[in-house]
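Here is a short briefing on a predicted protein model. Keep the structure in view and find each residue as it comes up.

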Amino acid sequence: MSERWLDVFAGREALRRIRDSGLRPEDVDIVTGASGGPKWFVLYGLDRVLWSEWFAHRRRPLSLIGSSSGSWRFAAACQNDPLAALERFEAAYREQRFPHNPPAELVTETARRTMDAMLGSHGVREILGQPGRRLAIVVNRLRGLPAQAPRGRHYRRLALGAVLNLARRDWLGRVVERLVFHVGDADPLAFSDRLPTRYVPLTEENLRPALLASGSIPRVMAPVLDIPGAGPGVYYDGGITDYHFAEPFPGSDGLALMPHFYPYAVPGWFDKLAPWRRRGRGLDRTVLLAPSEAFLQRLPQGKIPDRNDFLRLPDAERARYWKTAVDESRRLGDALSELVAGGRLSRVARPLP
């Protein structure tokens with residue numbers, strides 16, 4: 001059986017529910033998509049099964065909230081043909097090429113072309129008109145900076161945010177504002193922390209800039225400026241505040257599903273510097289699906305892809321490595337299908353560490 005490739009973790013309430021009655025698509029209200037750049041390749045197989053099989057016949061609306069590559073995955077999932085959109089996204093992302101130390105504008109333009117390939121000709125309209133899957137994109141605005149501020153001021157503000165965040169996570173809100181660009185009702189996506197948060201409806205005018213901003217990594221990419229509907233300002237990667245969505249969503253009584261790279265969650269980007277904040281605490285209603293250690297050992301170099309692969313590997317070798325990760329990821333999708341079909345998911349689920 002392939003179930004050994006997939007680890008299933010659950011918070012206290014989620015574990016109680018799935019041990020009582022299993023896990024059904026109707027039990028899930030929210031799916032979260034973490035930041036992680038090319039790490040998402042190991043979730044490709046899970047995404048295919050989730051959107052073409054498991055959630056295919058769900059009746060109630062489902063909220064999908066992501067930052068960075070998580071929001072891009074979910075933009076594919078909210079199109080009329082999610083498998084085709086995921087395939088376009090995977091192929092375009094895998095074939096990205098950069099010279100040594102590329103300028104931020106080149107990286108941004110390459111990302112824009114990748115986004116356009118994933119969205120295709122009708123993706124924006126399909127996402128906005130999708131009744132069953134409601135996309136929410138997390139973006140961060142630098143507070144107190146006009147759009148014309150030089151990049152050096154951006155980085156100094158973010159450095160201050162990193163220091164403040166180490167002292168207290170909510171102090172990060174003195175530097176950045178979280179924006180949630182959303183389709184439909186945003187109420188189920190209320191956040192439990194005290195970071196300043198604003199909700200902006202997605203439109204044909206702002207979906208592309210919001211999606212691009214959600215993955216605009218500071219120093220690596222140029223910021224997105226003056227997003228329609230959100231007002232003037234400097235917009236960057238949503239992972240600054242919401243790297244792995246490690247906070248509960250108090251507006252929902254249903255479960256949250258987190259297809260994830262790791263068996264733990266890190267709240268914000270700067271919390272990578274604060275390992276004591278890794279946690280499952282507070283995620284009482286979350287079910288987390290992650291590749292097992294046995295799965296990771298099958299991958300080249302025994303690890304999942306990451307952005308450092310652009311620096312460490314020649315283009316052709318990196319593309320082969322990433323293609324291997326994508327191919328292997330289908331084992332995770334097969335494992336989920338087997339666990340659900342056999343009614344064994346509740347048996348293998350473990351408490352979140």
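The lining of the largest cavity consists of Leu-23, Leu-50, Trp-54, Leu-257, Leu-289, Leu-336, Val-340 and Leu-345. Helices H2 and H11 are the elements that each give two or more residues to this lining. By class, the cavity lining has eight nonpolar residues, no polar ones and no charged ones.

**Cavity and pocket**

- How many cavities of 30 Å³ or more does the structure hold? The structure holds one.
- The volume of the largest cavity is about 40 Å³.
- The largest pocket holds about 920 Å³ of space.
- This pocket is lined by 37 residues, and the closest to its centre are Pro-38, Ile-217, Val-220, Arg-307 and Phe-310.
- Which element gives the most to the lining of the largest pocket? H5 does, with four residues.

**Salt bridges**

- The count of salt bridges comes to 36.
- Arg-350 pairs with Asp-7 in one of them, and their closest N and O atoms are 3.0 Å apart.
- Why does this pair tie together parts that are 343 residues apart in sequence? Arg-350 sits in strand E11 (residues 350-351), while Asp-7 sits in strand E1 (residues 6-10), so the bridge links these separate parts.
- Arg-350 is partly exposed, because its relative accessibility is 39%.
- Asp-7 has a relative accessibility of 18%, so Asp-7 counts as buried.
- Arg-24 and Asp-27 also form a salt bridge, with 2.7 Å from N to O.
- Asp-27 is buried, with a relative accessible area of 17%.
- Arg-24 counts as partly exposed, at 47% relative accessibility.

**A salt-bridge network**

- Arg-178 bridges to Asp-242, with 2.7 Å between the closest N and O atoms.
- Arg-178 lies in strand E5 (residues 176-182), and Asp-242 lies in the loop between strand E8 (234-237) and strand E9 (255-259), so this pair ties together parts that are 64 residues apart in sequence.
- Are Arg-178 and Asp-242 buried or exposed? Both Arg-178 and Asp-242 are buried.
- Shared partners join salt bridges into one network made of Arg-169, Arg-178, Asp-193, Asp-242, Glu-247, Asp-271 and Arg-277.

**A nonpolar surface patch**

- Which residues make the nonpolar surface patch of about 350 Å²? Leu-166, Leu-273 and Trp-276 make it.
- Leu-166 belongs to helix H7 (residues 151-167).
- The relative accessible area of Leu-166 is 37%, so Leu-166 is partly exposed.

**Backbone angles**

- Most residues other than glycine have a negative phi.
- Ser-68 is not a glycine, yet its phi is positive, at about 55°.
- Where does Ser-68 lie? Ser-68 is in the loop between strand E3 (62-67) and helix H3 (69-77).
- Ser-68 counts as buried, because its relative accessibility is 9%.
- Gln-301 is not a glycine either, and its phi is positive at about 65°.
- Gln-301 sits in the loop between helix H9 (293-298) and helix H10 (309-312).
- Gln-301 has a relative accessible area of 48%, so Gln-301 is partly exposed.

**Along the chain at Gly-36**

- Gly-36 is part of the loop between strand E2 (28-33) and helix H2 (44-54).
- Gly-36 counts as buried, at 12% relative accessibility.
- Gly-36 and Pro-25 are 11 residues apart along the chain, and 25 Å separates their C-alpha atoms.

How values were computed:
Residues are numbered from 1 along each chain as its sequence is written. This is a predicted model: local features need pLDDT of at least 70, side-chain atom pairs count only at pLDDT 80 or more; totals for chains, interfaces and linings use all residues. Side-chain values use heavy atoms; hydrogens and water are left out. A salt bridge is a side-chain nitrogen of Lys or Arg within 4 Å of a carboxyl oxygen of Asp or Glu. Buried means under 20% relative accessible area, exposed over 50%, partly exposed in between (1.4 Å probe, protein chains only). Patches are made of residues with over 30% relative accessible area and no salt bridge: like charges are joined within 9 Å, nonpolar side chains (Val, Leu, Ile, Met, Phe, Trp, Tyr) within 5 Å. Accessible areas come from the Shrake-Rupley method with a 1.4 Å probe; for residues, only the protein chains shown count as cover. On a 1 Å grid over the protein atoms alone, a cavity is a set of points where a 1.4 Å probe fits but cannot get out, and a pocket is an open set with protein on both sides within 12 Å along at least five of seven lines; lining residues have an atom within 4 Å of a point. Grid points are joined across faces, edges and corners, and a volume is the space filled by probe spheres set on the points. Ala, Val, Leu, Ile, Met, Phe, Trp, Tyr, Cys and Pro count as nonpolar, Asp, Glu, Lys and Arg as charged, and the others, Gly among them, as polar.
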